[in-house]
Amino acid sequence: MRARRKDGNHHEVVRAFESLNCIVEDMTATDNFCDVHVSLDGLQWAWIEIKDGNKKLTKGEIKFQAKCQELNQPYFIVRSASEVERVVSEIKQYCKGKDNE
């Protein structure tokens, strides 16, 4: 299996998550999956697809996104490091809502 190509902003986005004390696990070596798995504050986590600018999702990425939506899993597309703080806030909100179910 060959590693997928990382978008140009991949490392910048990962560093932005890490600067907010997130644990980031790179998943780019796995086909038809997301780019990274992010966890924060222990039990809060999400699947993250990193896209540079207006690049489109691949067929495999679309299938993974649909699977996450079907199973009500936290999934986000991040297009720049400037979005990371908002996404972390949304992950916290998502997980808080799951705790109240």
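## Cysteines

A disulfide is a pair of cysteine sulfur atoms within 2.5 Å. This structure holds zero of them. Take cysteine 68: the nearest cysteine sulfur belongs to cysteine 34 and sits 6.8 Å away, and cysteine 68 is in no disulfide. Cysteine 68 is also buried, with a relative accessible area of 3%; buried means under 20% relative accessible area, exposed over 50%, and partly exposed in between, using a 1.4 Å probe and protein chains only.

One note on the model: it is predicted, so local features need pLDDT of at least 70 and side-chain atom pairs count only at pLDDT 80 or more, while totals for chains, interfaces and linings use all residues. Residues are numbered from 1 along each chain as its sequence is written, and side-chain values use heavy atoms, with hydrogens and water left out.

## Strands

Helices (H or I, at least four residues) and strands (E, at least two) are DSSP runs, numbered from the N terminus. S2 (residues 36–40) has four of its five residues buried.

## Aromatic rings

Rings of Phe, Tyr and Trp (its six-membered ring) pair if their centres lie within 6.5 Å; planes under 30 degrees apart are stacked, over 60 edge-to-face, and the rest tilted. There are five aromatic pairs in the whole structure. Tryptophan 47 and phenylalanine 64 are edge-to-face because their planes are at 85 degrees, with centres 5.7 Å apart. Both residues are buried.
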